[in-house]
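Grab a pencil and try these exercises on the model below.

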Amino acid sequence: MAERPYIVGNWKMNGTRAMLSEARAIDRAAQRYMKAEVAVAPPYTLIHAVHREAEQIGIGAQDCHDGDDGAHTGDISAAMVADAGAKFVILGHSERRADHKETNTQINAKIEAALEAGLRIILCCGETLATREKGDAVEFVLKQLKASLPKIEDAAERLTVAYEPVWAIGTGKTATPKDIEEMHRAIRGLLDETYGAEQSAEVRILYGGSVKPDNAREILSVPEVGGALVGGASLSAESFLGIVVAASETEDA
Ligand code: PEP
């Protein structure tokens, strides 16, 4: 499987300049835990400031517009986030799909714009509780991904997939290791088919949904889990670093 576990903090709509001290603390600690690759996605307003603080961690955006520029009040293009210091962008997050009614077609257009701007992609997928209870979770997630996986030759360098069951985000509930493994293996199968086994092997599949310091070890030890996308627990350096330490101590790290 691909290189180091990848631990990504998604700050969502949280953080003013007061959060820069957390970013500094995360960055300094990340220099001591090099067995994990660490990144944060602050809100747009902090990307540049966090980028200036960071020597070790990767910086990303939580979304971008699909256009290059123009009359789109309030929107931010992929080139703009890259210019502010972002190296990746999270796309297709379930909160964007729910709050902004983003469709796979729109997500695809954003992916294209982000790749064009030289950004790496973290592509999110995940089922609702109703879908899981019907027994359709794997089928649903594979369909979602089939609709959005970009047609690229260098998936190994450009793509990360994040499996985030919608019902586990911010709720304190997590999927069982068995369910996570089943889903991640199914996603790996699709990546193999789409990109070939060699490229696919380098694409990390993150798990996201209420990952905390006290459950990180178990989740990160599940086969095919290449890291975690972390919301709530990434807002304090202490809890986020608890996950980073767990990642750098997991067996394959
Ligand atoms: C997320 O929204 O990407 C997420 C995983 O959030 P939380 O860790 O708070 O569940």
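**Exercise 1.** Which backbone atom of Gly170 lies by an oxygen atom of the ligand, and at what distance in Å?

*Solution.* Step one: know what you're looking at. This is a predicted model, where local features need pLDDT of at least 70 and side-chain atom pairs count only at pLDDT 80 or more, while totals for chains, interfaces and linings use all residues. Residues are numbered from 1 along each chain as its sequence is written, and side-chain values use heavy atoms, with hydrogens and water left out.

Step two: find the pair. A backbone N or O atom of Gly170 sits 2.6 Å from a ligand oxygen.

Step three: look for others. The side chain of Glu164 has an N or O atom 2.7 Å from a ligand oxygen, and a backbone N or O atom of Ser210 is 2.8 Å from one. On its own the ligand exposes 290 Å², and the protein buries 97% of that (areas by the Shrake-Rupley method with a 1.4 Å probe).

**Exercise 2.** How many residues surround the ligand, and of which classes?

*Solution.* Count residues with a heavy atom within 4 Å of the ligand. You get 15, and the closest are Lys12, His93, Glu164, Gly170 and Ser210. Now sort them: four are nonpolar, eight polar and three charged. Careful here: Gly counts as polar, and charged covers Asp, Glu, Lys and Arg.

**Exercise 3.** Which residues of helix H1 are buried, and what do they pack against?

*Solution.* Buried means under 20% relative accessible area, exposed means over 50%, and partly exposed is in between (1.4 Å probe, protein chains only). In H1 (residues 20-30), the buried ones are Leu20, Ala23, Ile26, Asp27, Ala29 and Ala30. Next, check contacts (heavy atoms within 4.5 Å). These buried residues pack against strand S2 (37-41), helix H2 (44-53) and helix H12 (237-249). Helices here are DSSP runs of H or I with at least four residues, and strands are runs of E with at least two.

**Exercise 4.** Lys101 and Glu224: buried or exposed?

*Solution.* Start with Lys101, in the loop between helix H4 (94-99) and helix H5 (104-116). Its phi is near 50 degrees, a positive value in a non-glycine residue. Lys101 has a relative accessible area of 60%, so it's exposed. Glu224 also has a positive phi, about 75 degrees, and lies in the loop between helix H11 (213-220) and strand S8 (227-230). With 14% relative accessibility, Glu224 is buried.

Note on methods:
Near = heavy atom within 4 Å. Polar contact = N/O pair within 3.5 Å; in protein donor to acceptor, adjacent residues only side chain to side chain.
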